[in-house]
Amino acid sequence: MSARKRRGDLDRAEWSRAAVLGDWCSLRGEETDRQVQARMAHDGAHLYLELEEVGIDPSELVIGDAITVWNEDEWEVFFARERGRARYRQMGLNAAGVHFDLAYDEPTSEWDSGVILRSDVSAPDRWTVRMALPLARLVPGGARPGDTLYFNALRATQMSRSLAWSPTFGGFREPSRLGEIRLAE
């Protein structure tokens, strides 16, 4: 891979070759007819994540103030080295591209994710977010190719029920319900 790609270049990431994270459902595991999916890949230095909902009107997305993103239409992603009550990271982001990052350590603090993020609401029927996250900052101690990590992505909305890649059977912050991912070597 080129040095340019290794710097987290969203335009050079190979999205068509990324792993598809489909089969989204409600937080309680109920099926949905909403068209939500994610794609994930890495280049050894960055984790690339694409989040997309199709079949919506982006002009109806609720965007609040620029202070937080938690009470509006948003995506939330979670990363951890272990499943359960271990330390984990959370990022919430809205359609305006504002993100808020938290580290659930002792005590809870902000997380300097180093994310390169692009939120795109220019299409008439979808909201797409692309991001590159440095593997060195993803989880405590960083992540490397070959590592197994724990992850979840959620689509929160003011217009209908929230969805998850891995159902939580509870609230958003359920580290015991994070799905397992393995970074290819």
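Reader: Is Tyr-88 buried or exposed?
Author: Tyr-88 counts as buried, at 8% relative accessibility. Buried means under 20% relative accessible area, exposed over 50%, and partly exposed in between, with a 1.4 Å probe and protein chains only.

Reader: What kind of model is this?
Author: This is a predicted model, where local features need pLDDT of at least 70, side-chain atom pairs count only at pLDDT 80 or more, and totals for chains, interfaces and linings use all residues. Residues are numbered from 1 along each chain as its sequence is written, and side-chain values use heavy atoms, with hydrogens and water left out.

Reader: Back to Tyr-88. Which ring does Tyr-88 pair with?
Author: Tyr-88 pairs with Phe-78. The centres are 6.3 Å apart, the planes are at 45°, and the pair is tilted. Rings of Phe, Tyr and Trp (its six-membered ring) pair if their centres lie within 6.5 Å; planes under 30 degrees apart count as stacked, over 60 as edge-to-face and the rest as tilted.

Reader: Where do Phe-78 and Tyr-88 lie?
Author: Phe-78 is in strand β5 and Tyr-88 in strand β6 (residues 88-94), so the pair ties together parts 10 residues apart in sequence. Phe-78 is buried, with a relative accessible area of 2%.

Reader: How many aromatic pairs does the structure hold?
Author: The structure holds 8. Take Trp-24 and Trp-75: their ring centres are 5.9 Å apart and their planes at 85°, so that pair is edge-to-face. This pair links distant parts of the chain, 51 residues apart. Trp-24 is in the loop between β1 (19-21) and β2 (25-26), and Trp-75 is in strand β5 (residues 74-80).

Reader: What about burial for those two?
Author: Trp-24 is buried at 7% relative accessible area. Trp-75 is buried too, at 0%.

Reader: Which residues form a cluster through ring pairs?
Author: Trp-24, Trp-75 and Trp-127 do.

Reader: What sits over the ring of Trp-75?
Author: The charged end of Arg-155, 5.8 Å from the ring centre. The rule asks for NZ of Lys or CZ of Arg within 6 Å of the ring centre and within 35 degrees of the ring normal.

Reader: Which salt-bridge network includes Arg-155?
Author: Arg-155 is linked with Arg-34, Glu-53 and Asp-73 in a network of salt bridges. A salt bridge is a side-chain nitrogen of Lys or Arg within 4 Å of a carboxyl oxygen of Asp or Glu.

Reader: How many salt bridges in the whole structure?
Author: A search finds 15. Asp-105 is in a bridge with Arg-87, with the closest N and O atoms 3.8 Å apart. Asp-105 sits in the loop between β7 (99-104) and β8 (109-110), Arg-87 in the loop between β5 and β6. Arg-87 counts as partly exposed, at 46% relative accessibility. Asp-105 also bridges to Arg-89, at 3.1 Å between the closest N and O atoms. Both Asp-105 and Arg-89 are buried.

Reader: Which partner does Arg-182 meet in a salt bridge?
Author: Arg-182 meets Glu-185, at 3.2 Å from N to O. Arg-182 is exposed, with a relative accessible area of 52%. Glu-185 is exposed as well, at 76%.

Reader: New topic. How many residues are in the largest nonpolar core?
Author: That core has 34 residues. Those with the most contacts inside it are Leu-51, Phe-79, Met-131, Leu-133 and Phe-151. A nonpolar core is a set of buried Ala, Val, Leu, Ile, Met, Phe, Trp, Tyr and Cys residues joined through side-chain atoms within 4.5 Å.

Reader: Which element gives the largest share?
Author: β10 does, with 4 residues of this core.

Reader: What does Phe-79 contact?
Author: Leaving aside neighbours within four places in sequence, its contacts include Leu-47, Tyr-88, Trp-111 and Phe-151. Contact means heavy atoms within 4.5 Å.

Reader: How many helices and strands overall?
Author: The protein has 2 helices and 13 strands. Helices (H or I, at least four residues) and strands (E, at least two) are DSSP runs, numbered from the N terminus.

Reader: How much of the protein is buried?
Author: Buried residues make up 51% of the 185 residues.
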